[in-house]
Amino acid sequence: MSKEIHIKKQLQIEKRLAKAKLSFDLSYWVKWTGSFILLGAMMLRGAQVYPVADLFMSAIGCICWLWVGIMWKDRALIILNAAAVTILGVGVLRVIAGA
């Protein structure tokens, strides 16, 4: 009887480990790329250098996370990053227009 329990527990552990494995799909790469771009933008903002680069990098990072939110069908990520892209997009357009 204890051998059967041990086998069941072993199978449960294997199932959990299989679920926990990283899947290197497209969303994995987009989210990490967006995260590193946003971290770079925050470093520029914190150092108060190159505000235009910070604006562009922030917009690109948020676009990446918006894409991830769409892929995951996560409404919170979609709403947050759609708002951020809109706000940052206005700033980018103002910089491009020279206003």
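This is a predicted model: local features need pLDDT of at least 70, side-chain atom pairs count only at pLDDT 80 or more; totals for chains, interfaces and linings use all residues.
Y50 sits in the loop between α2 and α3. For context, most residues other than glycine have a negative phi.

Q48 is found in the loop between α2 and α3 too, and α2 is followed by this residue. Phi of Q48 is near 55 degrees, again a positive value in a residue other than glycine. Is Q48 buried or exposed? With a relative accessible area of 73%, Q48 is exposed.

Now step back into the helix itself. Helix α2 covers residues 26-47.

Which residues of α2 are buried? They are S27, Y28, V30, G34, S35, L38, G40, A41 and L44. These buried residues pack against α3, which is made up of residues 51-72.

## Aromatic pairs

Searching the whole structure turns up five aromatic pairs. One of them joins Y28 and W29: the ring centres are 5.0 Å apart and the planes sit at 90 degrees, so this pair is edge-to-face. Another is W32 with F36, where the centres are 5.9 Å apart and the planes are at 35 degrees, so that pair is tilted.

Y28 also belongs to a cluster, in which ring pairs link F24, Y28 and W29. Y28 is buried, because its relative accessible area is 17% and the cut-off for buried is under 20%.

As for W32 and F36, they are four residues apart in helix α2, so about one helical turn separates them. In general, an α-helix has 3.6 residues a turn, so residues three or four places apart point the same way.

## A nonpolar patch on the surface

W32 and F36 turn up again on the outside. Together with L39 and M42 they form a nonpolar patch on the surface, with about 440 Å² of accessible area between the four residues. W32 is partly exposed, at 41% relative accessible area. F36 counts as exposed, with 55% relative accessibility.

Methods
Residues are numbered from 1 along each chain as its sequence is written. Side-chain values use heavy atoms; hydrogens and water are left out. Patches are made of residues with over 30% relative accessible area and no salt bridge: like charges are joined within 9 Å, nonpolar side chains (Val, Leu, Ile, Met, Phe, Trp, Tyr) within 5 Å. Accessible areas come from the Shrake-Rupley method with a 1.4 Å probe; for residues, only the protein chains shown count as cover. A salt bridge is a side-chain nitrogen of Lys or Arg within 4 Å of a carboxyl oxygen of Asp or Glu. Helices (H or I, at least four residues) and strands (E, at least two) are DSSP runs, numbered from the N terminus. Buried means under 20% relative accessible area, exposed over 50%, partly exposed in between (1.4 Å probe, protein chains only). Contact means heavy atoms within 4.5 Å. Rings of Phe, Tyr and Trp (its six-membered ring) pair if their centres lie within 6.5 Å; planes under 30 degrees apart count as stacked, over 60 as edge-to-face and the rest as tilted.
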